[in-house]
Amino acid sequence: MAKCLKCNYEIQPNPELYEGEIIVCPSCGKKMEVICVEPLELQKVEES
Ligand SMILES: [Zn+2]
């Protein structure tokens, strides 16, 4: 189970996700990049 890097909200795995996609935490709005789909892994996005 991947968790938001900011608020630890549990991000549900979604079969429509793909590597490199940018997702937004539904809880805090933090942007994260999907670096692996199975298992789901996220990394922070450098925000300009
Ligand atoms: Zn969050």
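Two strands pair if DSSP finds at least two bridges between them. Keep that in mind as you work through this predicted model.

**Exercise 1. Work out how β4 and β5 are joined, and where they sit in their sheet.**

Solution. 
- Step 1: Look at the bridges. β4 and β5 have four bridges between them, in the antiparallel sense. The rule asks for at least two, so the two strands pair.
- Step 2: Pick out a bridge. Glutamate 33 has glutamine 43 in β5 as its bridge partner.
- Step 3: Place the strands. The order β3-β4-β5 makes an open, antiparallel sheet of three strands. Its edge strands, β3 (22–24) and β5 (41–44), each pair on one side only. On average, neighbouring strands here are turned by 45° against each other, direction ignored.

**Exercise 2. Decide whether isoleucine 35 is buried, exposed or partly exposed.**

Solution. 
- Step 1: Find the residue. Isoleucine 35 belongs to strand β4, which covers residues 31–36.
- Step 2: Count its surroundings. There are 13 other C-beta atoms within 10 Å of isoleucine 35.
- Step 3: Apply the cut-offs. Buried needs 20 or more and exposed means 12 or fewer, so isoleucine 35, with 13, is partly exposed.
- Step 4: List its contacts. Beyond its neighbours within four places in sequence, isoleucine 35 touches Glu19, Glu41, Leu42 and Gln43.

**Exercise 3. Describe the whole protein chain.**

Solution. 
- Step 1: Count the elements. The chain has zero helices and five strands, running β-β-β-β-β from the N terminus.
- Step 2: Check burial. Of its 48 residues, 6% count as buried.
- Step 3: The C-alpha trace spans about 25 × 20 × 15 Å along its principal axes.

How values were computed:
Residues numbered from 1 in each chain as written. Predicted model: local features only at pLDDT ≥ 70, side-chain atom pairs only at ≥ 80, totals over all residues. Contact = placed C-beta atoms within 7 Å. Axes fitted to C-alpha atoms, helices over the stretch in contact; angles between N-to-C directions.
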